[in-house]
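Keep the sequence and the 3D view open as you read, and look up each spot as it comes along.

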Amino acid sequence: MNIVIIGFGGMGQKIKEIALARGHTVGVIIDQVHKQANYKNIKEADLSEVDVIIDFSSPSAVIENIKVAIEANKNIVIGTTGWQEKLPEIQKLSESNKIGILWSANFSIGVNLYYKMIERAAELINNYEEYDIWGIELHHNNKADSPSGTAKEISKILLEKIFRKDSAIYDKLDRRINPNEIHFSSTRGGPVNFSHTVGFDSASDTITITHSARDRGGYALGAVKGAEWLNGKYGLFTMEDFLNK
């Protein structure tokens, strides 16, 4: 496939490396500041020979990028977070224009399997009120958002499966946490940190489930494999659809 990469930071560069290793070409790189970019924004780019677009840009740019992809009749893989409230609108556009869109807050296959483990653990813990629930995430010092999209997704799973909890708190707490709340805290530091831990905590013991990434490779590989899987499909998909292939 001939791939366009939007956003050429650490993730974009790793995506290019893995895409080339898997036999693809990267004909277009779009980035506001990177010296290797062909274009500063997608409107300037020649998409005529492109098979798929992979977007790891910014929330402010992603909707415009999707609309241009639709106009150009190109499928798009999106790893950008912070725009999810627009998903219903984008789903309608993808279906009416027969464009494939694969979106995920986290493309790591390991993380998406981790979601499944958290889901099953939460179903079990739901039956035992003596266990409280908390979460911690650690990311590198260049991470732009807090909490991460991954932390929000984990919280969503926990709140859906544990009926005594109905709210996730991400900010600093200057009070006692309420019984219906889950505190999911965030730490930022270091050059390469990606980890999430969920704790199920009783007076007698603690159960923790952790996913830690060694580098960006797993995230980039998932995005490239997702682009391969998306070829020939249309509609809005998530990594849940990819895992159930």
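## Starting at a loop

I99 lies in the loop between α3 and β5. A quick word on the labels: helices (H or I, at least four residues) and strands (E, at least two) are DSSP runs, numbered from the N terminus. This is a predicted model, where local features need pLDDT of at least 70 and side-chain atom pairs count only at pLDDT 80 or more, while totals for chains, interfaces and linings use all residues. Residues are numbered from 1 along each chain as its sequence is written, and side-chain values use heavy atoms, with hydrogens and water left out.

Is I99 buried or exposed? I99 is buried, with a relative accessible area of 0%. Here buried means under 20% relative accessible area, exposed means over 50%, and partly exposed is in between (1.4 Å probe, protein chains only). Leaving aside neighbours within four places in sequence, I99 is in contact (heavy atoms within 4.5 Å) with A69, I70, N73, K74, N75, S94, K233, Y234 and G235. On the other hand, the C-alpha atoms of I99 and T150, which are 51 residues apart along the chain, are separated by 25 Å.

One of those contacts of I99 is N75, so let's hop over there. N75 has its place in strand β4, and it counts as buried at 12% relative accessibility. Not counting residues up to four places away in sequence, N75 touches D51, V52, I53, I99, G100, L230, N231, G232 and K233. Take D51 from that list: N75 and D51 are 24 residues apart in sequence, but 7.2 Å apart in space, C-alpha to C-alpha.

Which residues of helix α2 (residues 59-71) are buried? They are V62, I63, N65, I66, V68, A69 and I70. What covers them includes β1 (2-6), β3 (52-55), β4 (75-78), α3 (87-96) and β5 (100-103).

After α2 comes N73, with a positive phi. Why mention that? Most residues other than glycine have a negative phi, and most peptide bonds are trans.

You'll find P147 in the loop between β6 and α5 (149-161).

## A five-stranded sheet

Now for the strands. Five of them form an open sheet in the order β7-β8-β6-β9-β10, and the pairing is mixed. Two strands pair if DSSP finds at least two bridges between them. At the edges sit β7 (167-169) and β10, each pairing on one side only. On average, neighbouring strands of this sheet are turned by 20 degrees against each other, direction ignored.

Strand β6 (residues 132-139) and strand β8 (residues 181-188) run parallel and are joined by six bridges; L138 has T187 of β8 as its bridge partner. Strand β9 (residues 194-201) and strand β10 (residues 206-212) run antiparallel, with seven bridges joining them. There, G199 has T208 of β10 as its bridge partner. A hairpin joins β9 to β10 through four residues. And a handy rule while you look: in a regular strand the side chains alternate between the two faces of the sheet.

Last stop: how do α1 and α6 meet? The axes of helix α1 (residues 10-21) and helix α6 (residues 217-230) come within 9 Å and cross at roughly 60 degrees. Axes here are lines fitted to C-alpha atoms, for helices over the stretch in contact, and angles run from 0 to 180 degrees between N-to-C directions. That makes α1 oblique to α6, since angles under 35 degrees count as roughly parallel, over 145 as roughly antiparallel, 65 to 115 as roughly perpendicular and the rest as oblique.

The contact is made by M11, K14, I15, I18 and A19 of α1, together with G217, Y219, A220, L221, A223 and V224 of α6.
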